[in-house]
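Dear colleague,

I am passing on the structure we spoke about, and below it you will find my notes on what turned up in it. Please look through the structure before you read on.

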Amino acid sequence: MTEPNDLAAFWMPFTDNRGFKANPRMFVAAEGMHYTAAAGHEVLDATGGLWCVNAGHGRREIVEAIRRTAGEMDFAPTFQLGHPLAFEAASRLALLMPEGLDRIFFVNSGSESVDTALKIALAYQKARGQGGRTRLIGRERGYHGVGFGGISVGGIVGNRRQFGTLLAGVDHLRHTHDLAKNAYSRGQPLHGADLADDLERLVTLHGAETIAAVIVEPVAGSTGVLIPPQGYLQRLRDICDRHDILLIFDEVITAFGRVGCATASERFGVTPDLICMAKGLTNAAVPMGAVAVRRSVHDVVVDNAAPGIELFHGYTYSGHPLASAAAIATLGIYQAEGLFNKAIELEDYWADAVHSLQGAAHVIDCRNIGLIGGIELEPRPGAPTKRAMEVFHRAFDQGLLIRVTGDIIALSPPLILEKSHIDEIFGKLAAILATIE
Ligand SMILES: Cc1ncc(COP(=O)(O)O)c(C=O)c1O
């Protein structure tokens, strides 16, 4: 038996386990914009945990809702039965979605939301008599979680190469990242709308009648903050319409105010057929995800089915009472505090701060949208990712939580932050970059 505090048993996700366990950095408490580290110091949260704590840490309303619900009813199944909180959470969430996307399927994570959306897309094509449309299209550098569906349509090699052949019949659009043309863009880059034409290329290659759906992140986060070029998403929408292909937006990180609206779809004025969500849905206090589905898509699957179960999919914890209660409380906070506007109100100040790092040591690009920032570093020769990881560790030790992916620093602070926090984030980063090798 290991001792309770032994570090060996917990095989940590997406972690250099040996590195961490040799030099653990732990959190023990969180409140507002800050964590408290086990070593005792405060750590300013510039990443909203993992892009999920949009309303700030330790929100009493959410904690209370969870506590109350746990005391009343710990669990109730949603297979052939129900409980009121799940229906209320779905109705409230539907009100925030773009017009027409008002059918909600609950899941427990972003990964599950992606696999659910892909399965709904396939079920829809079959239900409308287009069962030959089985092909799924993702994008290079895309991150759609870690389920087999998600890694198949995803485009990050590290997340794929350990896991065999993945789903058959998947293809990928080219990614939109182009430093030669778009470095140091403020907001949406100018160049690259034409990259959406890649979908036409895949239609020509495979035949539209074989393609069920295309999935992209409106703003890609985990791959290092890739912001859609102006006109790109609309062009993708137009091509999908032309060929009767479903468009799925993976908004696991962009929904709930990150780019200044309830969804990135609203911000960019492009409405997909399905939206994947998680993270900010409950402010991360209880795991929960969701897929918002266009009503017409839902109706084809449900109305065309033989009497009985229409979609053979779901999770024991779909619409879990504690998660539903947390979601209702969280959506209430977003509305009461106008948090979806916060990223717009602060966008210029944030953008100035992000771009103040242009010219700092090792920086080869700065990019921003809403309350998202990406700072790309020149990889250390022969040792890619090491420089950014050193920045990450130093930042933690100096009281700042950032996220790094490859050699890119990704920032996504809670939406409650003040200008003084922005000053602190970029002051610390500038100082660290100046001292790192
Ligand atoms: C765009 C996107 N999709 C899916 C996921 C997976 O979410 P989860 O880790 O909750 O499964 C993430 C997580 O960061 C994400 O950024």
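In the class counts that follow, Ala, Val, Leu, Ile, Met, Phe, Trp, Tyr, Cys and Pro count as nonpolar, Asp, Glu, Lys and Arg as charged, and the others, Gly among them, as polar. Please keep in mind that this is a predicted model.

By that scheme, the shell around the ligand has seven polar, five nonpolar and two charged residues. The ligand is surrounded by 14 residues, of which the closest are S109, G110, S111, G145 and V252, and helix α5 (residues 110-127) provides the largest share of this shell, with three residues.

The other findings concern two helices that pack on α12. Helix α3 (residues 60-72) and α12 have axes that come within 8 Å and cross at roughly 155°, which makes α3 roughly antiparallel to α12, because angles over 145 degrees are counted that way. The crossing of α3 over α12 is right-handed, and the contact involves, among others, I62, A65 and I66 of α3 together with A325, I328 and A329 of α12. Eleven nonpolar, three polar and one charged residue make up this contact of α3 with α12.

Helix α4 (residues 84-96) packs against helix α12 (residues 321-336) at an angle of about 35°, the axes lying 8 Å apart, and α4 passes α12 in a left-handed crossing. Residues of this contact include L85, A89 and L93 of α4 and P321, A325 and L331 of α12, and the contact of α4 with α12 comprises nine nonpolar, one polar and two charged residues.

With best wishes

Key: Residues are numbered from 1 along each chain as its sequence is written. This is a predicted model: local features need pLDDT of at least 70, side-chain atom pairs count only at pLDDT 80 or more; totals for chains, interfaces and linings use all residues. Axes are lines fitted to C-alpha atoms, for helices over the stretch in contact, and angles run from 0 to 180 degrees between N-to-C directions. Helices (H or I, at least four residues) and strands (E, at least two) are DSSP runs, numbered from the N terminus. A crossing is left-handed if the near helix is turned anticlockwise from the far one by less than a right angle, and right-handed if clockwise. Two residues are in contact if their C-beta atoms, placed from the backbone, lie within 7 Å. A residue is near a molecule or strand if its C-beta atom, placed from the backbone, lies within 6 Å of it. Angles under 35 degrees count as roughly parallel, over 145 as roughly antiparallel, 65 to 115 as roughly perpendicular and the rest as oblique.
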